[in-house]
Amino acid sequence: MTALVPRRVAAHGRTWTVRRAWPRAAGDGADLEVTADGILGVRAGRWCDGDVRVAEAVCDRRLPALADVAGAGEVVSWRPGRRAVVRLARGGGYAKVVREGAAEPVLAAHAAGAAFSAGFARAAVTSAPTDAARGVVRFASLPGRTLFDLGSDRRVAEAEFARAWNGWAEAWGMLLDSSCGELPLHDAEAEVRVLEQWMRHAEPHLGGEASAVRRASDRVAEELVAGPRGRAALAHRDLHDKQVMWDAASRPGLLDLDTVTIAEAALDLGNLRAHVAFRAAQGRLEPSRTAVARAAIDGVARATGVEPDRVHAYESATRLRLGALYLFRPAWRELALRWLRGA
């Protein structure tokens, strides 16, 4: 079994806690997102066979605008060489920093996401004219808290939690009945390719469990491809409880529209359902709240004619993908292993 990133690493005379890690495409270790006492925000790093490198400062040669943008706030997310998110201090809002030339697709996806306005508020783009050329996209904040935050906060009343999920359900039902427009298609075959990529990342770390997990993945792939296709709809393609904002005084909000596409309506519902199950397994969502969230998702499927078998197929794919993803997050690795065994 190949070694995985440890929970804590040492660099520059500090002990860093690994918040998140991503397997590198070349198979040579993992990219890291780390924190340390006395350091504002997060830093990026790389780990390979015990060798650790952590950025000494907020600087990324593939994200040349990051150092400048970070000076205006706090880096809250940073995948080295790929993208970072800075929470801006002055005027609020966020800045997404990507590679030079990659901002235009982000802006185009956000523009295409105007179709979500049938049910949801979207973060307004506040970028300056020169930002895109530097790989920077700025967004205003949306009011409220995410469904994830509400679910994990026991001070939130059960009735308010239910209102939030039912508010999402009402808005999502409106969305599925709206026009899709012209967007790229993410079909079942594309979803299988995503699943297979994550299985390749996970297998070297599963030891004797690898063959059983691979068989489960093959069954899910066959179910997705061979089963009758469901209705197509506008899709977020990364819908989970951290992507939906709830504020009782306004419409629900939807975050991170970079992957907007056309897909089976079951894809987003299955993805969201799998995340709800994982939150419950993490202990971040109590049984009563898990039931409320599932009822809201299943209610949307019934009301809009989405076949339960297709929701189940996409949920199964997401469950496997989540298990593979969280293998690379040290705090949840044991849970991820149990989760994959359960597949």
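**Core**

I listed the contacts (heavy atoms within 4.5 Å) of Trp 172, leaving out residues up to four places away in sequence: Phe 116, Phe 120, His 236, Leu 239, Leu 254, Asp 268, Leu 269 and Val 300. I note that this is a predicted model, where local features need pLDDT of at least 70, side-chain atom pairs count only at pLDDT 80 or more, and totals for chains, interfaces and linings use all residues. Residues are numbered from 1 along each chain as its sequence is written, and side-chain values use heavy atoms, with hydrogens and water left out.

I then looked up the nonpolar cores, meaning sets of buried Ala, Val, Leu, Ile, Met, Phe, Trp, Tyr and Cys residues joined through side-chain atoms within 4.5 Å. Buried is under 20% relative accessible area, exposed over 50%, partly exposed in between (1.4 Å probe, protein chains only). The largest core has 85 residues, and Trp 165, Trp 168, Trp 172 and Leu 269 touch the most other members. Another core, of 16 residues, lies apart from it and includes Ala 44, Val 86, Leu 88 and Val 136.

**Helix H8**

I found 16 of the 18 residues of H8 buried. Gly 283 follows H8 with a positive phi, near 80°.

**Cysteines**

I found zero disulfides (pairs of cysteine sulfur atoms within 2.5 Å) in the structure. Cys 48 is partly exposed at 28% relative accessibility, and Cys 59 is exposed at 53%.

Methods
Helices (H or I, at least four residues) and strands (E, at least two) are DSSP runs, numbered from the N terminus.
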